[in-house]
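Here is a short report for a first look. The sequence and structure come next.

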Amino acid sequence: MSSKTRRKGQVFRRLTIGALLAPVLGIAACSDEQVVMPADAPGISRSEEYSFGSATQAQDWRAARTVLDQLEAQFGQKSMRILARNLDSAADPQILKAHYAERLAGWTEMPLNSFAERAWAFAFVSPNGDRVLAVEALKASESAGGIVPLNILTNLDDDKGLTR
C-alpha cells in the first residue's frame with residue numbers, strides 16, 4: 001500500500017469521525033443556554049454614586065468581601081464582578097431570594113459560611129456549576145434614609161435582564 005493511499009484513508013477516517021461528531025457537538029452547544037443577569041428584584045434600585053457614609057461602607061465591604069472570598073475560591077477571582085445596588089430597608093430577604101430562585105430555575109442554592117451578624121446573603125449556582133449569582137446586603141438596622149447597601153456578586157455575562 002502506498003503512502004498516498006494510506007494518507008487518503010486517514011483523511012477519510014477523520015472526515016467520517018468529524019461528520020459523526022458535528023451533530024453531537026451542535027446539540028450540546030444548543031443545550032448550553034446562555035444565561036445573563038436577571039432583572040433586579042422589587043425593592044432593589046441602582047444609584048449613580050454610593051449613598052452611604054464611610055462607617056456603613058466599611059461594614060458593607062467587609063460583608064461583600066467575605067462572600068466574594070467564598071465565591072472566588074470556587075469560581076476564580078477574575079470572573080467575579082460586584083454590582084452595587086440600594087435596597088429598600090423594608091424589603092424581605094426571603095422575597096428577594098424567591099425572586100432570583102424563580103428566574104434562575106434549575107439552579108441550586110450554594111451554602112455560604114456564616115460571615116456577619118449585621119448582614120445576610122444567599123447564592124445560586126448554575127446546573128453545570130460554572131455560573132453563580134450571590135446577593136449580599138446589610139441588615140435593615142444599618143439603614144440610612146430607608147435604604148441599605150446591597151451587592152450582587154456574579155460571573156454572569158452582563159447586567160441587562162434574563163434572556164431565555
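## Basis

This is a predicted model: local features need pLDDT of at least 70, side-chain atom pairs count only at pLDDT 80 or more, and totals for chains, interfaces and linings use all residues. Residues are numbered from 1 along each chain as its sequence is written, and side-chain values use heavy atoms, leaving out hydrogens and water.

## The sheet

Six strands form an open sheet in the order 1-2-6-5-4-3, with antiparallel pairing. Strands are DSSP runs of E with at least two residues, and helices are runs of H or I with at least four, numbered from the N terminus. Two strands pair if DSSP finds at least two bridges between them. Strand 1 (44-45) and strand 3 (108-109) are the edges, and each pairs on one side only.

Eight bridges join strand 2 (residues 81-88) to strand 6 (residues 147-154) in the antiparallel sense. N86 faces P149 of strand 6.

## The helices

Helix 2 (residues 54-75) packs on the sheet and touches strand 2, strand 4 (119-125), strand 5 (132-138) and strand 6. Contact means heavy atoms within 4.5 Å. The direction of helix 2 makes about 160 degrees with that of strand 5. Axes are lines fitted to C-alpha atoms, for helices over the stretch in contact, and angles run from 0 to 180 degrees between N-to-C directions.

Helix 3 (residues 93-103) also packs on the sheet. Its direction makes about 15 degrees with that of strand 4.

## Residue E72

E72 lies in helix 2. Its side chain makes a polar contact with the side chain of R65 (2.9 Å). A polar contact is a pair of N or O atoms within 3.5 Å; within protein, one must be able to donate a hydrogen and the other to accept it, and residues adjacent in sequence count only if both atoms are side-chain atoms.
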